[in-house]
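Have the structure open as you read.

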Amino acid sequence: MAKRIQFAQTGGSEVLEFIDVTPAEPGAGEVRVRNQAVGLNFIDIYFRTGLYPAPSLPSGLGTEGAGVVDAVGEDVTHLKAGDRVAYAQGPLGAYAEYHVLPANKVVVLPDGVDVETAAACMLKGLTVQYLLRQTYPLRGGETILWHAAAGGVGSIACQWARALGVKLIGTVSSPEKAVLAEQNGAWATIDYTKENVVERVRELTNGEMCDVVYDSVGKDTWETSLDCLKPRSLMVSFGNASGAVEGVNIGILNQKGSLFVTRPSLNGYADTRERLEMMCDDLFGMLKGGEIKIDTGQKYPLAEAGKAQDALQGRKTTGSTILLP
Ligand SMILES: NC(=O)c1ccc[n+]([C@@H]2O[C@H](COP(=O)([O-])OP(=O)(O)OC[C@H]3O[C@@H](n4cnc5c(N)ncnc54)[C@H](OP(=O)(O)O)[C@@H]3O)[C@@H](O)[C@H]2O)c1
């Protein structure tokens, strides 16, 4: 028997159960990973609350982890038992001691990247990879606005933007988070719970405003974000930490300056093996080159996944959070 977290109904963190299961055998094209560390992500909360529907209930939770390949199904050629691996996509169920998933979503970890670091950065780091290098291929010299800059994705974004020579203005909810974001390379920070974000962006940019706004807060920041953009520039809405953006009249893009908007996801970018490998090479290169260091602000036992989610949802975490089976 082995432990896993599952939920039979949507709701608060109390719906998460820590149960015994017999680990499944991998089918054709699948591997079973013995997780040594599991990544905690805001999307896990969207599934638990029902904002994103799970394919069926009861359901496992989580899509990010790292550990050792434990069993290999038929037709898998690039992995073998004992390989050190990580993943950030695939079926829900990473909050577990063992997880079975398609082998094409699993990558071998290079020497020098340990499993805890991998679990803390696969999903978040690949997200930053596509946002800064693909959604808008930043070249250096641009000014961007990044909400929740001291969070898991935000902490990596600050460092990657600095490495690219991009001025990242980060929003945060406390002075402590401002210090963290600036240590990670944010060019400036704004406390969006106290300051007028549009006015501060105007001052900081001498009225020019931003080339791109990256907004994962959603409902609370959508309109402010549009007001921080240069004419004809890009709004990237990639998350819903405060609730989903709904009921948008597309005419607002005209009113705010002929803007572009996109709503991307990791699965939409890492949608082939070749693209996943290209993105991992870029991320692992940044880690090995020392441009990015992963700040794992919190570690919880797997059994305390609910407590970890409450901290993330309650804005009490900084950097990444991992669960240890
Ligand atoms: N589309 C994609 O491909 C993709 C992939 C990964 C993550 N994401 C999104 O990126 C965001 C960051 O993910 P993460 O896992 O790294 O989380 P995180 O940034 O560590 O945590 C979320 C942060 O959002 C801020 N926030 C603002 N309003 C909030 C509210 N009402 N409730 C809770 N938090 C609020 C808080 O920072 P302050 O206290 O500083 O406000 C909080 O720490 C999430 O929205 C997630 O869904 C999207």
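## Two domains

The protein splits into domain 1 (2–121 + 270–324) and domain 2 (140–263). Keep in mind that this is a predicted model. Taken over C-alpha atoms, the centres of domain 1 and domain 2 sit 28 Å apart.

Where the two meet, 13 residues of domain 1 are in contact with 14 residues of domain 2. On the domain 1 side, the elements giving two or more residues to this contact are α1 and β16 (320–324). That side of domain 1 is made up of six nonpolar, four polar and three charged residues.

## Around the ligand

So where does the ligand lie? Domain 1 (2–121 + 270–324) and domain 2 (140–263) both give residues to the shell around the ligand, so the ligand lies between them.

The ligand has 30 residues around it, and the closest are G151, G152, S173, S216 and G239. If you go by elements, α1 (42–49), α2, α3 and α10 (305–313) are the ones that give two or more residues to the shell. By class, the shell has 13 nonpolar, 13 polar and four charged residues.

## α2 against α3

Now for the helices. The axes of α2 (residues 115–135) and α3 (residues 152–164) come within 9 Å and cross at roughly 45°. That angle makes α2 and α3 oblique to each other, and α2 passes α3 in a right-handed crossing.

From α2, the contact uses C121, K124, G125, T127, V128 and L132, while α3 brings G152, V153, I156, A157, W160, A161 and L164. Sorted by class, the residues of this contact between α2 and α3 are nine nonpolar, three polar and one charged. G152 of α3 turns up in this contact, and G152 is also listed with the closest residues to the ligand.

## α2 against α9

α2 also packs with α9 (residues 273–288): their axes come within 9 Å and cross at roughly 100°. α2 and α9 are therefore roughly perpendicular to each other.

Which residues make this contact? G125, L126, Q129, Y130 and R133 in α2 meet M279, D282 and L283 in α9.

Notes
Residues numbered from 1 in each chain as written. Predicted model: local features only at pLDDT ≥ 70, side-chain atom pairs only at ≥ 80, totals over all residues. Axes fitted to C-alpha atoms, helices over the stretch in contact; angles between N-to-C directions. Helix = DSSP H or I, 4+ residues; strand = E, 2+ residues; numbered from the N terminus. Parallel < 35°, antiparallel > 145°, perpendicular 65-115°, else oblique. Left-handed = near helix turned anticlockwise from the far one by under 90°. Contact = placed C-beta atoms within 7 Å. Nonpolar A, V, L, I, M, F, W, Y, C, P; charged D, E, K, R; others polar. Near = placed C-beta within 6 Å. Domains from an automatic or database assignment.
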